[in-house]
Amino acid sequence: MRHLYTWAGIFAVVLFATAGDVLISGAMKRVGDVGHLFKQQGLRAVIKAMLTNATLWTGVFFMALGFFSLMTALSWNDVSLVGPASASLTFLSNALSAKLFLRERVDRRRWIAALLVASGVALVAL
Amino acid sequence: MNLRKLATLAGVALFASCGDVALARGMKQFGAISLAHWTAVFSALASPWVILGIGLLLAFFVSYLSALSFADLTYVLPATSLGYIVMALLARFFLHENISFLRWTGIFLIALGVGFVARGPALTLDHERSADLAGNVHHAPARGES
């Protein structure tokens, strides 16, 4: 039963973290390169573009949910399982979601990179 | 990929890992905080390490938003995972911690993954997506711009 709770918690972390990352990435792509925006229209335009972006703040909300799910999952099982599992699975779900929702071209090179980094993070965090 | 963009990606990796270390060091001084006495977490804000950690994590968030404004999510996440390597090397050579064979293998895999993604373009967009964004983006990036 404890394992079921733990994996449900890890699933929640991955789901919320991915939703947060995808929403924030989509929002920032719509804003465009903030470096150029800063050069052309100044800091005020950058701050306005951020503060008035509802998608960005929805993403931040999901990131916060991911953080609290992580804290909860950590209270159910060891950090040596929850940490690496959620971090590496989030890399893979982000690659899949970026392809589906952000329409990024996730080619073989990026899939290999996501798999290598996900495995590497799992080993480093163990 | 110009110097500003490289510095932003490096900032994401370094601020996140250093922020985590600073927060962990600060919170260890307080010991475990129970749910019954959760308000004790506010007293941790008096620790210089916790304040430094929060500052570094804010810097991480600003760099992260900036990086996502010019590069794909599937580029930023692997590229900035270099932070894991920096932290492991700091732990080995600065804090003199032992790094197991498994951890060195993990470091090698991350470095390999970063190498793979860094050789490709930072930003990729479908034709349809480019057309959709053209009306909304202040500065429309070129397809495949790196």
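Start at Arg103(A), which sits in the loop between H5 and H6 of chain A. Helices here are DSSP runs of H or I with at least four residues, strands are runs of E with at least two, and both are numbered from the N terminus. Check the backbone of Arg103(A): phi is near 55 degrees, a positive value in a residue other than glycine. Arg103(A) counts as partly exposed because it has 18 C-beta neighbours inside 10 Å. The cut-offs are 20 or more other C-beta atoms within 10 Å for buried, 12 or fewer for exposed, and in between for partly exposed, with C-beta atoms placed from the backbone.

A word on the model before moving on. This is a predicted model, in which local features need pLDDT of at least 70, side-chain atom pairs count only at pLDDT 80 or more, and totals for chains, interfaces and linings use all residues. Residues are numbered from 1 along each chain as its sequence is written, while chains are lettered from A and ligands numbered from 1 in the order in which they are written.

**Stop 2: the A–B interface**

Select the residues where the chains meet. In chain A, 36 residues are in contact with 36 residues of chain B. Contact means that C-beta atoms, placed from the backbone, lie within 7 Å. On the chain A side, H1 (2-31), H2 (34-41), H5 (79-100) and H6 (108-125) each supply at least two residues. H6(A) gives the most, with 12 residues. By class, this side of chain A has 20 nonpolar, seven polar and nine charged residues. Nonpolar covers Ala, Val, Leu, Ile, Met, Phe, Trp, Tyr, Cys and Pro; charged covers Asp, Glu, Lys and Arg; the others, Gly among them, are polar.

Now pick Gly35(A), in helix H2 of chain A. Leaving out residues up to four places away in sequence, Gly35(A) touches Arg4(B) and Phe70(B). Gly35(A) is partly exposed, with 17 other C-beta atoms within 10 Å. Draw a distance to Leu15(A), 20 residues apart along the chain: the C-alpha atoms are separated by 30 Å.

**Stop 3: the nonpolar core**

Select Val121(A). Beyond its neighbours within four places in sequence, Val121(A) is in contact with Pro84(A), Ala87(A), Ser88(A) and Phe91(A), and with Ser81(B), Tyr84(B), Gly106(B) and Ile110(B). Val121(A) belongs to the largest nonpolar core, which has 67 residues. Such a core is a set of buried Ala, Val, Leu, Ile, Met, Phe, Trp, Tyr and Cys residues joined through C-beta atoms within 7 Å. Val117(A), Val121(A), Val12(B), Ala67(B), Leu68(B), Val76(B) and Ile110(B) touch the most other members. H1(A) provides the largest share of this core, 12 residues.

**Stop 4: a helix pair in chain A**

Show H1(A) with H4(A), residues 54-76. Their axes come within 7 Å and cross at roughly 160 degrees. Axes are lines fitted to C-alpha atoms, for helices over the stretch in contact, and angles run from 0 to 180 degrees between N-to-C directions. H1(A) and H4(A) are therefore roughly antiparallel, a term for angles over 145 degrees. By class, their contact has 18 nonpolar, 10 polar and one charged residues.

**Stop 5: chain B**

Switch to chain B, with seven helices and zero strands. Buried residues make up 34% of its 146 residues. Finish on H1(B), residues 3-28, and H3(B), residues 48-70, which pack at an angle of about 155 degrees with axes 7 Å apart. H1(B) and H3(B) are therefore roughly antiparallel to each other. Their contact has 18 nonpolar, seven polar and two charged residues.

Methods: Contact = placed C-beta atoms within 7 Å. Parallel < 35°, antiparallel > 145°, perpendicular 65-115°, else oblique.
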